[in-house]
Structure formats: structure tokens, C-alpha cells
Amino acid sequence: ERKNYWTKYGFIPAPDGSFYDIGFGTLTDNLGAAVNTIINQLIDAGTLANMQGGFIAGGTKIRGGSMKFAPGEWKRVDGATAGPLRDNILPLQLPGPSATLFQLLGMLIEAVQNITSVSNILTGNQESQTAPTTALALIEQGQKVFTAIYQRIHRALGSDIDIMYDLDREYLDEEQYFAL
């Protein structure tokens with residue numbers, strides 16, 4: 001008789017009925033990548049806005065092609081004309097972090113929280129005064145997903161313990177088995 005020596009711990013069953021279940025990583029992968037990208041862009045924009053850079057005229061000729069600036073870097077320009085210093089220094093105009101990106105970041109974080117069923121009332125951060133019966137109803141509704149997941153994990157753990165029991169019964173020495 002063929003024996004099963006492993007247990008599948010399922011999180012959320014696959015919608016297509018295949019073997020591989022869905023986990024939080026799969027559910028939030030694209031949103032997490034977008035959140036990371038936006039955070040990096042906001043930090044980069046803030047860094048560039050705080051560390052000034054630009055052109056310092058050494059002449060009026062500017063070579064063609066693309067120019068890349070490191071934070072705090074000033075580029076020398078060949079062929080500048082003599083004149084006031086302010087006419088020979090041109091700082092880069094960098095607007096700083098975008099308010100739109102910051103709002104989008106908040107929206108994406110809220111979407112991740114909705115997907116993972118984390119609500120303010122479950123974390124104890126409910127700001128409004130809610131009637132006790134309403135609060136209980138919100139808690140029960142919010143725990144439905146978690147309860148289903150924990151039931152699957154509990155069943156899988158029971159199956160895992162049954163496998164260990166059978167293996168111990170079959171392969172342990174009798175004295176060791178009874179001592180165990």
C-alpha cells in the first residue's frame with residue numbers, strides 16, 4: 001500500500017482547481033512591487049530636490065547627447081561668456097516628491113489591507129465610536145477569511161500528526177515508541 005509522507009498546507013484554494021494554492025505573496029505581489037517602486041521614487045525625488053546640482057558656465061558651448069547627474073553634482077559648461085556669477089550658474093529645477101504619487105501610495109496600501117482582510121476594528125485602531133453590536137458584527141465579518149484559512153491549516157496539521165503517528169508506530173522500536 002502506497003503511503004503519503006507529506007501534507008499540503010493550503011492557504012486559499014486555487015480558483016482553477018489546480019494543486020497549487022494561492023498565498024498572500026501571490027495575492028499582494030504586484031501591489032507590493034508597485035508600493036516599493038513608488039516609495040523609491042518618492043525618496044529619489046526628495047533626495048534630488050534636497051541636493052542641488054546643475055551647470056556651471058566655463059563657456060557657452062554645451063556638448064550634445066544625454067547628460068546624467070549624480071545627486072549634488074555640478075557640470076562645467078565650455079565657452080561661457082564673462083558676466084555676473086548668477087548668469088553663469090544654472091541650477092537644475094527639480095520639483096521634489098509628487099503629491100499624486102503620495103496619494104497613490106496611500107491608495108495602494110489601503111488596497112493591500114483590503115485584500116489581506118485587515119480592518120481597523122480588528123487591529124484595535126477604530127477611531128469612530130461604534131455600537132457594541134455593530135462592532136461585533138464587523139469583527140465577525142472580518143474574521144471569516146481568517147477562520148477559513150485557520151481551519152485549512154488545522155486540518156493539514158491533523159493530517160501531518162497522523163502521518164508522524166503512523167511512521168513512529170511502524171519504524172520506532174517498541175520500547176522507544178511506548179516511552180514516546
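Reader: Is Thr7 buried or exposed, and at what relative accessible area?
Author: Buried means under 20% relative accessible area, exposed over 50%, and partly exposed in between, with a 1.4 Å probe and protein chains only. Thr7 lies in the segment before H1. Thr7 counts as buried because its relative accessible area is 16%.

Reader: What kind of model is this, and which pLDDT do side-chain atom pairs need?
Author: Residues are numbered from 1 along each chain as its sequence is written, and side-chain values use heavy atoms, with hydrogens and water left out. The model is predicted: totals for chains, interfaces and linings use all residues, local features need pLDDT of at least 70, and side-chain atom pairs count only at pLDDT 80 or more.

Reader: Which side chain makes a polar contact with the side chain of Thr7?
Author: A polar contact is a pair of N or O atoms within 3.5 Å; within protein, one must be able to donate a hydrogen and the other to accept it, and residues adjacent in sequence count only if both atoms are side-chain atoms. For the side chain of Thr7, the distance is 3.2 Å and the partner is the side chain of Asp160.

Reader: In what order do the elements of the chain run?
Author: Helices (H or I, at least four residues) and strands (E, at least two) are DSSP runs, numbered from the N terminus. The chain has six helices and three strands. From the N terminus on, their order is α-β-β-α-β-α-α-α-α.

Reader: What share of the chain counts as buried?
Author: The chain has 180 residues. The buried part of them comes to 16%.

Reader: How far apart are the end C-alpha atoms of helix H3?
Author: The expected span of a helix is 1.5 Å times one less than its number of residues. Helix H3 (residues 99–115) has 17 residues and should therefore span 24 Å. The end C-alpha atoms of H3 agree with this, at a distance of 25 Å.

Reader: At the start of H3, which residue has the backbone nitrogen that a side-chain oxygen of Ser98 reaches?
Author: The side-chain oxygen of Ser98 comes to within 3.2 Å of this nitrogen. The nitrogen belongs to the backbone of Thr100.

Reader: How many residues separate Glu170 and Lys3, which form a salt bridge?
Author: A salt bridge is a side-chain nitrogen of Lys or Arg within 4 Å of a carboxyl oxygen of Asp or Glu, and by this rule the count is three. In the bridge between Glu170 and Lys3, the closest N and O atoms are 2.2 Å apart. The pair links distant parts of the chain: Glu170 is in helix H5 and Lys3 in the segment before H1, at a separation of 167 residues.

Reader: How far apart are the closest N and O atoms of the salt bridge between Asp21 and Lys8?
Author: Asp21 is partly exposed because its relative accessibility is 27%. Lys8 is partly exposed too, with 34%. The closest N and O atoms of their salt bridge lie at a distance of 3.4 Å.

Reader: Why are Arg169 and Asp166 separated by about one helical turn?
Author: The side chains of Arg169 and Asp166 meet in a salt bridge of 3.4 Å, N to O. Their separation is about one helical turn because they are three residues apart in helix H5.

Reader: Which side chain is joined to that of Ser18 by a polar contact of 2.8 Å?
Author: Ser18 is placed in the segment before helix H1 (24–50). At 35% relative accessibility, Ser18 counts as partly exposed. The contact of 2.8 Å joins the side chain of Ser18 to that of Asp16.

Reader: How far apart in space are Tyr150 and Gly10, C-alpha to C-alpha?
Author: Tyr150 lies in helix H5 (residues 132–171) and counts as exposed because its relative accessibility is 52%. Tyr150 and Gly10 are 140 residues apart in sequence. In space, their C-alpha to C-alpha distance is 9.6 Å.

Reader: About how much accessible area does the nonpolar surface patch with Tyr150 have?
Author: Patches are made of residues with over 30% relative accessible area and no salt bridge: like charges are joined within 9 Å, nonpolar side chains (Val, Leu, Ile, Met, Phe, Trp, Tyr) within 5 Å. Accessible areas come from the Shrake-Rupley method with a 1.4 Å probe, and for residues only the protein chains shown count as cover. This patch is formed by Tyr9, Tyr150, Ile153, Leu157, Ile161 and Met164. Together they have an accessible area of about 580 Å².
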